[in-house]
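Hi there,

Here is the structure I promised to pass on. Have a look at it first, and my notes follow below.

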Amino acid sequence: MSTAVVVEAPGQHRLVPHEPRRPTAGEALVRVHAVGICGSDREVYQGNRPEGYVRYPLTPGHEWSGTVTAVGDGAPASLVGRKVVGEGFRNCQVCDRCHAGETTLCTTGYEETGFTRPGAMAPTLTLPARLLHPLPDGADLTAAALLEPAACIAAAALKARAVPGERVAVVGTGTLGMFAVQFLKAASPAELLVVGTRDDREALSRRFGATDFRTKDRPLPDDCDVVIETAGSADAARTAAGLLRRGGRLVLTGIPAPGADGLDPTGLVVRQLEVHTVFGAPPDAWAHTVRMFGAGLLDPLPLVTHELPLAAFPDAIELVGSGDPKVGKVLLRP
């Protein structure tokens, strides 16, 4: 019997029988190939996700890949049989933010697959077909399951506007950090520095295009044009800002715990720093990610260290939070 994961309440989950929900008008039914787990899924399970950003009971799973098996009336029939990934934010498409393409700022409120709507920790997922991004026929669906976090970093890269020849840096060496390295590498930088806390991430950072790697306790430069921060640690934003030259551009993507070190407003003004933040990925970032992936400029597979069956959901949650340096991206396979 097919089963899905349901988190009934913080710390409480069960496997339940799963029946595919037939797509209604404008929807598509996707057979899930793989679903990734990140820190936000752990927050859902532990119950410490911010209020309003989760709705129990819930089938988690916002990072996924799969194949379309059916579509409802009005959805393109050409999607059937296509390998796809899909946007998570269920935007209204009619507010001024949505009309501007800023769908993660939709004014009707927050709704997202895997947090307030059923996610992909199930054999199938039914969602609006307009959220799907078709992949090349030969795409590796295991690798494609990581394109959601990649799209979030694509949003950061687009805001950073790195141009060839600039000095760029990434703070953080997790999944997001390694995607940031790949996106910035594609901009042909003169130098690409990665700053982290673990020496064992140097080899992977250089594999993806870093020209320099330093742990944050070592002397760091202060002449970078662009910095993307992905660590989400208490001092990551300050470390990232300290890397910039006057007039530099900073994009923050990490979400630290309350009480983290803030940025010095005097320093921001005097140094004329340009600061952006990212939460989720709008359609242009998804399109950019899928193009990069299809062109072979993104290589997610080296980040995957564990693939487990859906029934191993609690084990996967523990792996993600274990702090074990051998644990990278954990995938569940329905």
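Which residue follows H4, and is its phi positive or negative? The residue is Arg161, and its phi is positive, near 55 degrees. Please keep in mind as you read that this is a predicted model.

H4 itself is worth a look. Of its 14 residues, 12 are buried, so the helix is largely enclosed by the rest of the structure. Among the buried ones are Leu147, Glu148, Cys152, Ile153 and Ala160. The length of H4 fits too: at 1.5 Å a residue it should span 20 Å, and its end C-alpha atoms are 19 Å apart, which agrees.

Now to the nonpolar cores. The largest has 47 residues, and Leu135, Phe183, Val194 and Ile228 touch the most other members. Elements giving two or more residues to this core include H3, H5, E9, E11 and H9, while H4 gives the most, with 10 residues. Beyond its neighbours within four places in sequence, Val194 has contacts that include Val170, Met178, Val181, Phe213 and Arg214. There is also a second, separate core of 29 residues, with Val68, Phe313, Ile317 and Leu332 among them.

Finally, helix H9 covers residues 283–294. Buried residues in H9 include Trp286, His288, Met292 and Phe293, and their cover includes strands E5 and E7 along with helices H3, H4 and H5. After H9 comes Gly296, with a positive phi near 80 degrees.

Note on methods
Residues numbered from 1 in each chain as written. Predicted model: local features only at pLDDT ≥ 70, side-chain atom pairs only at ≥ 80, totals over all residues. Heavy atoms only, no water. Helix = DSSP H or I, 4+ residues; strand = E, 2+ residues; numbered from the N terminus. Expected span 1.5 Å × (residues − 1). Buried < 20%, exposed > 50% of the residue type's maximum accessible area, 1.4 Å probe, protein only. Contact = heavy atoms within 4.5 Å. Core = buried A, V, L, I, M, F, W, Y, C linked by side-chain atoms within 4.5 Å.
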